[in-house]
Amino acid sequence: MGSVFIIQGILVYIYGFDHNPPHIHVRSGTDNFSITIQDRVIEGKARSKTIALINSFIDEHEEELMEIWEKAQRGEKINKIKH
């Protein structure tokens, strides 16, 4: 699936039928990591500036991200959203 969100050039993905816990994948330049939506556990490498931006984004959109996660796990189509 393509990116779900594009935030200041940073691509955020949610994959269908992905493993729990609910998380997003983030790619930007050399940054490539995943972060859980609720606990904010990070796997991968990223600059602190990117992590701070993504944490702020999750703070503002946690409910929406969880709804998209649930849709993706059911195999429903997810549309791209620019922020």
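How far does the backbone nitrogen of R40 lie from a polar atom of the side chain of T36? The separation is 2.9 Å. This is a predicted model, in which local features need pLDDT of at least 70 and side-chain atom pairs count only at pLDDT 80 or more, while totals for chains, interfaces and linings use all residues. Residues are numbered from 1 along each chain as its sequence is written, and side-chain values use heavy atoms, with hydrogens and water left out.

- T36 belongs to strand 4 (residues 31-36); strands (E, at least two residues) and helices (H or I, at least four) are DSSP runs numbered from the N terminus.
- T36 is buried, with a relative accessible area of 10%; buried means under 20%, exposed over 50%, and partly exposed in between, using a 1.4 Å probe and protein chains only.
- A polar atom of the T36 side chain also lies 2.8 Å from the backbone nitrogen of V41.
- Leaving aside residues up to four places away in sequence, T36 touches P21, P22, H23, V41 and I58, where contact means heavy atoms within 4.5 Å.
- T36 and R47 are 11 residues apart along the chain, and their C-alpha atoms are separated by 17 Å.

**Aromatic pairs**

- A pair of aromatic rings is described by the distance of the centres and the angle of the planes.
- Rings of Phe, Tyr and Trp (its six-membered ring) pair if their centres lie within 6.5 Å; planes under 30 degrees apart count as stacked, over 60 as edge-to-face and the rest as tilted.
- The count by this rule is 2 aromatic pairs.
- The ring centres of F5 and F57 are 4.9 Å apart and the planes stand at 70 degrees, so this pair is edge-to-face.
- F5 in strand 1 (residues 5-7) and F57 in helix 1 (residues 48-73) are 52 residues apart, and their pair links distant parts of the chain.
- Both F5 and F57 are buried.
- Y13 and Y15 form a stacked pair, with 5.9 Å from centre to centre and 10 degrees between the planes.
- Y13 is buried, at a relative accessible area of 11%, whereas Y15 is partly exposed, at 22%.

**Nonpolar core**

- A nonpolar core is a set of buried Ala, Val, Leu, Ile, Met, Phe, Trp, Tyr and Cys residues joined through side-chain atoms within 4.5 Å.
- The largest such core has 21 residues, and F5, I14, I24, I54, I58 and L65 have the most contacts inside it.
- Strand 1, strand 2 (10-13), strand 3 (23-28), strand 4 and helix 1 each supply at least two residues of this core.
- Helix 1 gives the most to this core, with 9 residues.

Notes: A polar contact is a pair of N or O atoms within 3.5 Å; within protein, one must be able to donate a hydrogen and the other to accept it, and residues adjacent in sequence count only if both atoms are side-chain atoms.
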